[in-house]
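Dear colleague,

I am handing over the structure we spoke about, and my notes on it follow directly below. Please read them with the model open beside you.

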Protein chains: 2
Amino acid sequence: MGVNSNRIDNLPDNGTEANPQHQTTITMESIDLPAHPHHEVHRVSMPPRQTTLQKLKQRLSEVFFPDDPLHRFKNQTWVRKLFLALQYFFPILQWAPKYGIGPFRSDLVSGITIASLAIPQGISYAKLANLPPIVGLYSSFVPPLIYSVLGSSRHLAVGPVSIASLVMGSMLTESVSSTKDPILYLKLAFTATFFAGIFQASLGFLRLGFVIDFLSKATLVGFMAGAAVIVSLQQLKGLLGIAHFTTKMQFIPVMSSVFSHTDEWSWQTMVLGGAFLVFLLTTRHISIRRPKLFWISAAAPLTSVLISTAIVYLLRSKAHEIQIIGHLPKGLNPPSSNMLYFSAPYLVLAIKTGLITGVLSLTEGIAVGRTFAALKNYQVDGNKEMMAIGLMNMAGSCSSCYVTTGSFSRSAINYNAGAQSAVSNIVMSIAVLVTLLFLMPLFYYTPNVILAAIIITAVIGLIDYQAAYDLWKVDKLDFLACLSSFFGVLFISVPVGLIIAVGVSVFKILLHVTRPNTVVLGNIQGTHIYQSINRYKEALKVPSFLILAIEAPIYFANSTYLQERILRWVREEEEWIRENNENTLKYLILDMTAVTAIDTSGIETIREIKKLLGKRSIKLVLTNPVASVMEKLHRSKTLDYLGLDGLYLTVGEAVSDISSQWKYSV
Amino acid sequence: MGVNSNRIDNLPDNGTEANPQHQTTITMESIDLPAHPHHEVHRVSMPPRQTTLQKLKQRLSEVFFPDDPLHRFKNQTWVRKLFLALQYFFPILQWAPKYGIGPFRSDLVSGITIASLAIPQGISYAKLANLPPIVGLYSSFVPPLIYSVLGSSRHLAVGPVSIASLVMGSMLTESVSSTKDPILYLKLAFTATFFAGIFQASLGFLRLGFVIDFLSKATLVGFMAGAAVIVSLQQLKGLLGIAHFTTKMQFIPVMSSVFSHTDEWSWQTMVLGGAFLVFLLTTRHISIRRPKLFWISAAAPLTSVLISTAIVYLLRSKAHEIQIIGHLPKGLNPPSSNMLYFSAPYLVLAIKTGLITGVLSLTEGIAVGRTFAALKNYQVDGNKEMMAIGLMNMAGSCSSCYVTTGSFSRSAINYNAGAQSAVSNIVMSIAVLVTLLFLMPLFYYTPNVILAAIIITAVIGLIDYQAAYDLWKVDKLDFLACLSSFFGVLFISVPVGLIIAVGVSVFKILLHVTRPNTVVLGNIQGTHIYQSINRYKEALKVPSFLILAIEAPIYFANSTYLQERILRWVREEEEWIRENNENTLKYLILDMTAVTAIDTSGIETIREIKKLLGKRSIKLVLTNPVASVMEKLHRSKTLDYLGLDGLYLTVGEAVSDISSQWKYSV
């Protein structure tokens, strides 16, 4: 360390003096190598020796503990360690002791604000999942309480969300009818929620959180837009007052349902729904334009519910066509652990539904949590959040709740309303509790059409044109993944759409690996820098050398291609040399800096290239292999095969050392 | 070019003089930068501008035409072009005009040698595929003739091979019994062969040859060993003389078949089979030890057939237990295009079987062709070979042949016997023709047990312990892929075994992408080189800087991980600085040399890291982004976001330029 500080301290003194000599300096430096080839050329060193077990341990700790979660326990007494561990599992212990009246005032306001949104949305999303509306309210009561104890986000507003509701509804309805067999359907919904929770908690517990990373942003943009379109179209049922509607979730059956039942269209419903949809969309628009007026869009759904209920109540003798929610039972969540369903024939369906809704809701919850944590500069631990969300769903499934997670829209309003901690979730729960205990009769005359309008307003924000356009601009293949998931969801089904989109994303990675770039490097005059001659006009080829950078790991999937491609570069270079009467090609230097891994096929390719070049009297030199590649070259004895002058630390050293040897040998 | 030749010409003159100044030189060079920051610091340039269409074109030509197959047509007259095109499609036109009596003598000897092997192997492999033995001989007649016209390998010996025969037999037998419904079975075999041919030819024609690269060597080593074990065990049927045997191809049913029919074991068969198996294995062993004695193992199978047939003929009144081949029809291949079967319910089975046998036989044929081409230093064009093999199978399916390809064992003998061109295949075909026309009655008394012994001797060579051990030594995950395909084939089924092995190989690629290495770099004193401080003791940290090399493309699949990991490096560095009272951390330099690609999630991660570091007053600098990354940084306006001093060409320039600015600003 001293040496370097020293160097940097010297900078200003010599800097100005030395300047005139600069050009000479570099020339001199590159030419003094031959005199002391063994002093000036740096050897490529092997990585520190490790046993297989040590390597496995290191690899596993990188895979599962990249954030080194135990670092806070280092050098602590065991009492302190215990306390830290409790704090780790119950983040409420971190903030509760410091909690005061100031933050509470903010949390009270924001809690009431999100409750006024959560109640109508809860009822609506439960309808979206083909569940009784009351289940949506139950799900806005228990899970937020549990999250406020276990969760580490201060702004996440927990409850049912549109995507997970839609997916659960569409997947269960394909096998079981919610109208013909409502008890079985409810059982399956709770069971799926239970599995979703198990799955989420185990992802967190087993530290496999990276699984959700495979849903790339591109995939999610397309998926959410597709889901929003399909959900909005589904709401035409409510908006038009159609009684007989398909239970399917694809574009074509939904549209044909809409237009094959034109006789059922009800103008009263359409007028009422249309008016409130316009009202809700306007308030949403105002809040987007002026974020300070967030409370307008936050209060609008409850206002719409109250006003429309009053209208329907007043017109109850005349407007028979308008479908209403009807009777809702008063009281708290009944226990539902006896309704979990672990036997054939629907167990597989419940597991599958749980898996997909679990992953999707986890993705939403984690992303929302991270977004607001980044805005307020605190950390949200992904794996711990997964455990919190998972446990909350497992508890929910035993108390008549279906899948819940952090909702983007409600969290944004929570944040804007000034929430300071998870107490806002507790306030919301209490408001829902009051509703459940005393206010249920109020919803008797609430028209279904208003729920449809609320759903449309909520999901319309999921269609993100701008993000899709950015994808198109920056990365065409990401845009393709986005389109596939959009159309997959719209025309085929939710799981298939997701699988296609993940497939496209993985295919993209494989394509990059299968057909990696190879770049011809040249020397930037007067420096040690070797750069692509295609990109840098200053970079010039060095006679008798062909220098190639390989920009990918060398795997079975690309080794044949790379061999062909490298030999083609050599062939083209030789043709060019013949045409221009240049010095014959003597050395092929492969810059391995970007070859971040190699497998046995790759090693064979290197040997093969060496052999084939040998027949044409061209020598092969590798420069700067990374640690793992170096180790495999050594183990496979390829280093011995390459010979002493077959490996250098940098392209610059290779070129100057080799050319100096020529001069001395001539 | 002149500049560089100049530099290199100067090397010896100044080299010796300049040496004493060397240490100073470098210090001076690194310190004179501040005086002319804008002259000495190289700008990172954008790749040459291209439209989306141009980029797509370039990308597609890299994907499909990496070998630039049209380069030989450049600057030629159109007559010459036509002739070259004909030569391209019919390689026989390349070598036939120059063919003479010398090569013919060699080809005659080698052709007869491989015919003596091809005839017993053809009969045996047809039995392996549960086909009539005569089909094996038909398949050794037509396809070699076609290959000799279309193929570009000089040493490939074409005919039925063990792996493809096994796979076809096991896949078809699962649905159709070859004994109960032999005509349907035969139809399906020809249809599968037709689809295999179609599939192979289209892979070549569409230049999708890289598909077979996904069968890595590791996968194939395991697969072939598993197949060899299962085939050998199956031969216990013949060797023990068991009449009632399972048609399944898994370890457990085969072994239980062997031991549940001990009453059917025939001592006569066992003695005969055992004796010849020992004889064949001994000759094989001799030929392996002394490659010059290759003819011993080449002649052994036919010798065994002749001797065993004679023995059985002589003992025909006493040895009733020994099963014999029986009547074989004389005459040439009958046409079979009328037997192709394109309707339900077995069409899917035929396509699936064709696909898998097609891929496997293609892999074998191409690998064998490339091996011998490399030995004799000529080129085999993969895509063209695929078309040749595909057309040969399509033609074969219309002339009573089943799937054929280049056989490894026979090609090796062909090569050792001195084959010079595809004429040895023609000679072999003629020998088979003579057999078909006149010698069929000779095989009436040939015992089945001898075919079992021939098959075992042939497949035993597919078990490559040494290769498996090398995999274990060099790459544990490759070894895992090898094991999975071995046990997958042995205990589940051929297609599942292959799918598992390909899955493991792809998983390996994804794992590398999901959890990439990040390496802390330090400066090697007295140079511009920055290398891993973990690997190079000479590499020292530069105070106030943290320099990280990211060793992978940044994708959705690793962007969250990388963000966490990089922030952890920063945290650990800051802790280390606090403990050691060092200069505070001011700059994080990310060396992007090995970041060979980035997607939209990756770009967002870079911006996020910049933002989070900004809150801690640490600046982010990127060095040396590759062309495609640079372009995406530009398009997404991330370059503007990084600012003027956020991008350098090399780590060295970044460090010296930034530290010089400090000195001047202080």
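Which residues of the largest nonpolar core touch the most other members? Before the answer, please note that this is a predicted model, in which local features need pLDDT of at least 70 and side-chain atom pairs count only at pLDDT 80 or more, while totals for chains, interfaces and linings use all residues. Residues are numbered from 1 along each chain as its sequence is written, and chains are lettered from A and ligands numbered from 1 in the order in which they are written.

The residues in question are M168(A), A189(A), A227(A), M168(B), A189(B) and A227(B), in a core of 355 residues. A nonpolar core here is a set of buried Ala, Val, Leu, Ile, Met, Phe, Trp, Tyr and Cys residues joined through C-beta atoms within 7 Å; a residue is buried if 20 or more other C-beta atoms lie within 10 Å of its own, exposed if 12 or fewer, and partly exposed in between, with C-beta atoms placed from the backbone. Setting aside neighbours within four places in sequence, M168(A) is in contact (C-beta atoms, placed from the backbone, within 7 Å) with A129(A), A189(A), A192(A), T353(A), T357(A), Y402(A) and V403(A).

Chain A as a whole has 29 helices and 9 strands, taken as DSSP runs numbered from the N terminus (helices are H or I, at least four residues; strands are E, at least two). Of its 666 residues, 50% count as buried, and its C-alpha atoms fill a box of roughly 110 × 65 × 55 Å along the principal axes.

One part of chain A that deserves a look is strand β7(A), residues 587-591, where 4 of the 5 residues are buried. Strand β6(A), residues 545-550, runs parallel to β7(A) and is joined to it by 5 bridges (strands pair if DSSP finds at least two bridges between them), with L548(A) partnered by L590(A). Another 5 bridges join β7(A) to the parallel strand β8(A), residues 619-623, where L620(A) is the bridge partner of L588(A). With helix α26(A), residues 600-615, β7(A) and β8(A) likewise make a right-handed β-α-β unit.

With best wishes

How values were computed:
Two residues are in contact if their C-beta atoms, placed from the backbone, lie within 7 Å. A crossover is right-handed if, with the strands pointing away from the viewer, the path from the first strand over the helix to the second runs clockwise.
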